[in-house]
Amino acid sequence: MKRFKTCLLVLLTLLVAASMLVSCGQKSESEATKAPSDSTIASSSAPTATSTATSTENPTEVPTAAPTEEPTRAPVEVNNPPEGYNAEDKAPAADLLDLVFDGETAKDGSASQFEITALNDPVVDKDKTINKTVAEFAKEDASMYAVYDFNSSVHDKLSDGFTFEVYVMLYDDTVYSSILGYTQAGGVSIDFDENRGSIGFGIRIPAGYVYIYDTERIDVDEYYHVVGVYNGSEISLYCDGELIKTSAAGELVFPSVAKTYLGIGGDLSGNDQGEDQMSGTIALARIYSDALNASQVYNLYLEAVQG
């Protein structure tokens, strides 16, 4: 009996020990897997007062796109003035034609106030490379301007002498083109000769046409200031302020067709639609009833390329 009690006591002791071991294991597992307390979350994930203040005071700036800059005109290197040049000798105002633009409409700003008619829609736009409004012509469209009132009524103002002036850029150097034309069995024009590759000026005299051309070929997509002068006995051609050549001429023979008119970007023809249109742009076209001298021409050149 005593032995039995002893064995029972040992067994109870072992059961109690085993029960304590199981309880300890469950407590450890519970502590390891329970969710973190609120204080733990606050300390590990919430921003500190210092970081919040810094974030508010210095927000991240989103870069903005730089404004688009307008093209600026490059400095122009001008040719040297002629011998004996007088900077104060300015040309008079063009009195027989001064091509200006009112929006997309071409007008004559001279004292003559001729009406300028657009044929086949020349395009008027600002050429930012020279900071001027220009008219653009396309030979394939036969676009040009016609001045129908420029006719026999102006012959007496031209017969003793005159000056034609253009500031022009050509796109095509493979075809003949009239730039400022008043020729049809007589007359005068500034034109482009595709065989020479250069711009020239000429008139009709009793013996035939007399023309002067620059000896240098032009570069397409470049502007040229071209002036032709007739003084009653000679013609002279200037390009970019430089005298190219002077040639003897005689009495001017005017166009003899029934309907005469001036072409800008083309020439007059047997009808009222013109011919020999150019491909390119004209920034200025002027006609003076005076034969300008070398200083006056050079000052016009400076005005065109620097103005």
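My entries on the model follow.

**Ground rules.** This is a predicted model, so I note that local features need pLDDT of at least 70, side-chain atom pairs count only at pLDDT 80 or more, and totals for chains, interfaces and linings use all residues. Residues are numbered from 1 along each chain as its sequence is written, and side-chain values use heavy atoms, with hydrogens and water left out.

**Cores.** I looked up nonpolar cores, meaning buried Ala, Val, Leu, Ile, Met, Phe, Trp, Tyr and Cys residues joined through side-chain atoms within 4.5 Å. Buried is under 20% relative accessible area, exposed over 50%, partly exposed in between (1.4 Å probe, protein chains only). The largest core holds 53 residues, and Phe150, Ile199, Ile203 and Ile264 have the most contacts inside it. Strand S7 (residues 162-170) gives the largest share, five residues. Helices (H or I, at least four residues) and strands (E, at least two) are DSSP runs, numbered from the N terminus. I also found a second, separate core of 12 residues, with Tyr298 and Val305 among them.

**Helix H5.** Which residues of H5 are buried? I listed Ser295, Gln296, Val297, Tyr298, Asn299, Leu300, Tyr301, Leu302, Ala304 and Val305. That is 10 of the 13, so H5 is largely enclosed by the rest of the structure. Its cover includes strands S5 (132-137), S7, S12 (223-230), S13 (234-239) and S16 (280-288).

**Proline 81.** I found proline 81 in the loop between helix H3 (49-57) and strand S1 (97-102). Proline 81 is partly exposed, at 41% relative accessible area.

Definitions and conventions:
Contact = heavy atoms within 4.5 Å.
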